[in-house]
Amino acid sequence: MQRIDTQLLVLGGGPGGYVAAIRAGQLGIDTTLVEATALGGTCLNVGCIPSKALIHVAEQFHLLHSAAELGIRAGDARLDITQSVQWKNALVDRLTTGVAALLKKHKVKVLHGHGEILDGKTVQVGEQRVHCEHLLLATGSQAQALPALPLGGAVIGSSQALSPSAIPGHLCVVGAGYIGLELGIAYRKLGAQVTLVEAQGQVLPSYDAPLVQPVVQRLEALGVALRLNTRVAGFEQGQLLFEQGPPLACDQVLVAAGRVPCTAGYGLERLDLRMAGRAVAIDEHCRTSMRNVWAIGDLTGEPMLAHRAVAQGEAVAEQVAGHARRFEPRCIPAVCYTDPEIVVAGLSPDEAGPGHRQASFPFAANGRALTLQAGSGFVRVVAREDNHLIVGWQAVGAGVSELASTFAQSLEMGARLEDVAGTVHAHPDPGRGGAGGGVAGAGQGHSCLTRLGCVNGALNRAIEKGDCQQHRHRFHRHRGGEVQ
Ligand SMILES: Cc1cc2nc3c(=O)[nH]c(=O)nc-3n(C[C@H](O)[C@H](O)[C@H](O)COP(=O)(O)OP(=O)(O)OC[C@H]3O[C@@H](n4cnc5c(N)ncnc54)[C@H](O)[C@@H]3O)c2cc1C
């Protein structure tokens, strides 16, 4: 048995764990990272990056087929999915190799193997026993299993769907959350017939109906079939069975029923930590209920997003180094890379409730958007009635993921409607939206201008005449929403 002593032991090398380890290494903390499968975790290997790569392949392929409407004849475009998967794998390799190099550069010791927690200061990895001062749990999440649909054969999970050896004739996607929708749309564009099956009455059930509507319209246009309020009972002999109604013949079933924190199989129960449902409970410092045991990322529950894990990882590393840090962002933006895309940050109108105003601006009112075949969707802003403090943003439309940072930054800095509307952007630059509402981006030749033009359109609708000077604020910083 080899004994290893370390200041910080990070269990799990996903975006939460590897970023925490690198940051700790940068701060001079003696750090050991344990990873059971592949550095980069779900995000780099079987999540964010491979799914966005597949979506890109699907989009390019689909464009070749849909260009005829514009008078472009692309000929007989064909798909070599093996080559597409190789391209995606090369991209993943490049990124995970980069992570390994950064860990090495910052002198993080990496142990490849399954970590078994013995107690709050000891983890067993094969023949090595690691003793630590601080233990950071970053073991992530796993796909929610459906008892009626065990994986195997034609029933696959998202990881297999990201490395197809062939495109099925008919794919049934069970679960219409963002992962099911992103992959379902991609497979449709790659040539499969696709049926989305959802137990609830709406696709993307956690988003409000107006935001989802443009996506539903696009699903119809693409020919994706929807079965809402439908529960799956099994899969037998090429037939997807439902609790009610006739079965549906299909070649493959993709189970995308959500994800759950990974809490079993590595001795977590020995710590007897306080839980929040199925997730490990943490406070605003990412501390668990046990001293010097920290937890981050998907293991700590929703929102299960890579950028949350990353930000938490940095916060923990800095606290272990003695810095005063908290993890309490105003918002964690979320993007659905559907067609069209959805981005949300902060509160929706319903969440904000009374005392708030909302305004939206449609892309259809923007000529430039129409020339880009991107006339579907809108930008919506939610702000406090009394002082115009922005509390939420939502957008649906082509490429709106690019607005996520703008939205998050305005919320984080406590901006008012007038602050954002009054920001002058340099020209020529993608940020120059102008305050002229939806037409601001017209003729600029950049689709980002169009999106920002619609942002300003929504802002201008939210700002009533005469309000502007009264509420101009110029980013006097404040936390908690009270303006000095
Ligand atoms: C198809 C798909 C698409 C996604 N798209 C997006 C997106 O576009 N944007 C976004 O923000 N998020 C996306 N996500 C979610 C994102 O991948 C996760 O939120 C993120 O990876 C969580 O990071 P993490 O570090 O908490 O855990 P993970 O990335 O899950 O990493 C945990 C790591 O811990 C390791 N581990 C677990 N137990 C042990 C043990 N006992 N010993 C050693 N190692 C262990 C695992 O092997 C794994 O590598 C997507 C997920 C999926 C599945």
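Tutor: A definition comes first. A crossing is left-handed if the near helix is turned anticlockwise from the far one by less than a right angle, and right-handed if clockwise. Keep in mind that this is a predicted model.

Student: Okay. Which hand is the crossing of H3 and H4?

Tutor: H3 and H4 cross in the right-handed sense. H3 covers residues 48–66 and H4 covers residues 81–105. They pack at an angle of about 145°. Their axes are 10 Å apart.

Student: Why quote both an angle and a distance?

Tutor: Two packed helices are described by the angle between their axes and by the distance between those axes.

Student: Back to H3 and H4. Which residues make the contact?

Tutor: From H3, the contact uses Ile 49, Pro 50, Ala 53, Leu 54 and Val 57. From H4, it uses Ser 84, Lys 88, Leu 91, Val 92 and Leu 95.

Student: And by class, what does that contact have?

Tutor: The contact of H3 with H4 has 8 nonpolar residues, 1 polar and 1 charged.

Student: Switching to the ligand. How many residues surround it, and which are the closest?

Tutor: The ligand is surrounded by 36 residues. The closest are Gly 12, Gly 14, Gly 41, Gly 140 and Gly 297.

Student: Which helices and strands each supply at least two residues of that shell?

Tutor: Helix H1 (15–26), strand S2 (31–35), helix H2 (41–46), H3 and helix H8 (306–320) each do.

Student: Now the core. How many residues are in the largest nonpolar one?

Tutor: The largest nonpolar core has 133 residues. Leu 136 and Val 174 have the most contacts inside it.

Student: What is Val 174 in contact with, leaving aside neighbours within four places in sequence?

Tutor: Its partners include Leu 146, Leu 149, Val 197 and Val 232. Val 253, Leu 254, Val 255, Ala 256 and Ala 257 are also among them.

Student: What about Leu 137? Buried or exposed?

Tutor: Leu 137 counts as buried because it has 31 C-beta neighbours inside 10 Å. Leu 137 is found in strand S6, residues 128–137. Beyond four places in sequence, Leu 137 is in contact with Leu 11, Val 280, Val 293, Trp 294, Ala 295 and Leu 299.

Student: And how far is Leu 137 from Gly 313?

Tutor: Their C-alpha atoms are 10.0 Å apart in space. In sequence, Leu 137 and Gly 313 are 176 residues apart.

Student: Glu 328 next. Buried or exposed, and why?

Tutor: Glu 328 counts as exposed because it has 10 C-beta neighbours inside 10 Å. Glu 328 is found in the loop between H8 and S20. Glu 328 and Glu 284 are 44 residues apart in sequence, and 5.9 Å apart from C-alpha to C-alpha.

Student: Is Pro 340 buried or exposed?

Tutor: Buried, because Pro 340 has 21 C-beta neighbours inside 10 Å. The cut-off for buried is 20 or more. Leaving aside neighbours within four places in sequence, its contacts include Pro 214, Val 215, Arg 218 and Val 396.

Student: Why do Cys 286 and His 388 count as buried?

Tutor: Cys 286 is buried because 25 other C-beta atoms lie within 10 Å. His 388 is buried because 26 other C-beta atoms do.

Student: Last one. What do the buried residues of H11 pack against?

Tutor: They pack against strand S20 (334–336), strand S21 (341–346), strand S24 (390–397) and helix H12 (417–421). The buried residues of H11 are Ala 404, Thr 406, Phe 407, Ala 408, Ser 410 and Leu 411. H11 is followed by Gly 414, with a positive phi near 65°.

Notes:
Residues numbered from 1 in each chain as written. Predicted model: local features only at pLDDT ≥ 70, side-chain atom pairs only at ≥ 80, totals over all residues. Axes fitted to C-alpha atoms, helices over the stretch in contact; angles between N-to-C directions. Helix = DSSP H or I, 4+ residues; strand = E, 2+ residues; numbered from the N terminus. Contact = placed C-beta atoms within 7 Å. Nonpolar A, V, L, I, M, F, W, Y, C, P; charged D, E, K, R; others polar. Near = placed C-beta within 6 Å. Core = buried A, V, L, I, M, F, W, Y, C linked by C-beta atoms within 7 Å. Buried ≥ 20, exposed ≤ 12 C-beta atoms within 10 Å, placed from the backbone.
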